[in-house]
Amino acid sequence: MKAYVFPGQGAQFVGMGKDLYDNAPIAKQLFDKANEILGFSITDIMFEGTPEQLKETKVTQPAIFLHSVILSKVLGDDFKPDMVAGHSLGEFSALVANGVLSFEDGLKLVSQRALAMQKACEASASTMAAVLGLDDEVVETVCNEIGAEVVPANYNCPGQLVISGGVDAIAKACEILKEKGARRALVLPVGGGFHSPYMEPARAELAAAIEATTFNEPACPIYQNVTTTAVNSAEAIKENLIAQLTAPVKWTQSIQQMIADGATSFTEVGPGKVLQGLVKKIDRSAETFGATL
């Protein structure tokens with residue numbers, strides 16, 4: 001069975017999508033429509049902007065979404081997923097790719113999500129840190145000992161867990177985790193503590209937008225970050241999408257479940273190769289590919 005996976009924030013690079021725009025009429029049409037919907041020329045920033053401009057959350061999230069979704073449309077009949085999953089933001093790309101959301105609705109939700117998260121970041125000082133070389137249980141125990149100020153945020157692959165929370169609490173957690181033997185415990189250059197209780201204001205704001213959006217039944221199962229299992233109901237997809245902002249991204253568990261359910265290959269659709277690398281670390285025998293024009 002063919003699984004298609006969609007990257008999240010951090011995969012962006014200047015020039016992303018330009019080859020699609022120049023070589024596929026459907027891509028040009030969708031990028032131009034995106035500029036209209038967003039009310040600014042995101043293509044100028046994606047194709048010719050600076051890394052700083054592209055790093056702004058309100059730009060990054062729609063940019064990655066557009067690259068992924070438009071690439072899946074350009075693939076045409078070659079795009080035939082048996083199952084899909086997306087890492088954090090990538091879940092929205094996956095939902096457009098498997099027919100749950102329209103292109104327009106997906107882009108509007110991603111834009112609203114980015115702005116709501118930006119606002120939540122500005123409201124309270126929070127951050128994230130990558131912890132390498134420790135078992136998940138050790139990291140979870142340290143988080144529990146520090147308390148609600150720090151939580152596991154991204155289970156990326158065995159030995160790589162990102163934690164999220166208050167700035168001081170994250171610094172304290174990093175010190176303790178290094179003492180526990182972490183190969184690295186590194187504060188990340190992000191705008192705030194994503195996938196933690198610090199995103200509650202954004203979750204509430206996004207929930208209203210999601211409730212007001214039409215969700216169709218999926219063409220194939222989506223393995224969502226919150227549940228890690230195959231989801232086939234539009235209602236359940238909505239609930240999980242709302243919960244996602246304050247809950248951890250269980251990527252390791254999702255990929256393991258997809259393999260258990262019959263996935264034989266994973267194709268990453270979007271900028272970069274991050275997810276291909278993570279899939280290989282989760283299961284070395286899994287076949288991985290990057291979608292290309």
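User: Where is the place of histidine 195?
Analyst: This is a predicted model: local features need pLDDT of at least 70, side-chain atom pairs count only at pLDDT 80 or more, and totals for chains, interfaces and linings use all residues. Residues are numbered from 1 along each chain as its sequence is written, and side-chain values use heavy atoms, with hydrogens and water left out. Helices (H or I, at least four residues) and strands (E, at least two) are DSSP runs, numbered from the N terminus. Histidine 195 sits in the loop between strand E6 (184-187) and helix H10 (200-211).

User: Is histidine 195 buried or exposed?
Analyst: Buried means under 20% relative accessible area, exposed over 50%, and partly exposed in between (1.4 Å probe, protein chains only). Histidine 195 has a relative accessibility of 2%, so it counts as buried.

User: What is the phi of serine 88?
Analyst: Serine 88 lies in the loop between E2 and helix H6 (90-97). Its relative accessible area is 11%, so serine 88 is buried. Its phi is positive although serine 88 is not a glycine, with a value near 60 degrees.

User: Which residues does leucine 245 contact, leaving aside its neighbours within four places in sequence?
Analyst: Leucine 245 is in the loop between helix H11 (234-243) and H12. With 1% relative accessibility, leucine 245 is buried. Contact means heavy atoms within 4.5 Å. On that count, leucine 245 touches Arg113, Met117, Phe194, His195, Ser196, Met199, Ala202, Arg203 and Leu206.

User: Within what arc do the buried residues of H13 fall?
Analyst: The buried residues of H13 are Leu275, Gln276, Leu278, Val279 and Ile282. They line one face of the helix, because seen down its axis they fall within an arc (from the directions of the helix axis to the C-beta atoms) of 165 degrees.

User: Which elements do the buried residues of H12 pack against?
Analyst: In H12, Trp251, Thr252, Ser254, Ile255 and Met258 are buried. They line one face of the helix, because seen down the axis of H12 they fall within an arc of 165 degrees. They pack against E1, strand E2 (83-86), E4, strand E7 (222-223), E9 and H13.

User: Which residues lie closest to the centre of the largest pocket?
Analyst: A pocket is an open set of points on a 1 Å grid over the protein atoms alone, where a 1.4 Å probe fits, with protein on both sides within 12 Å along at least five of seven lines; lining residues have an atom within 4 Å of a point. Points are joined across faces, edges and corners, and volume is the space filled by probe spheres set on them. The largest pocket has a volume of about 890 Å³. Of its 35 lining residues, the closest to the centre are Gln9, Gly10, Asn154, Leu188 and Val190.

User: Which residues lie nearest the centre of the second largest pocket?
Analyst: The second largest pocket holds about 200 Å³ of space. Its lining has 15 residues, and those nearest its centre are His67, Leu71, Gly270, Ala291 and Thr292.
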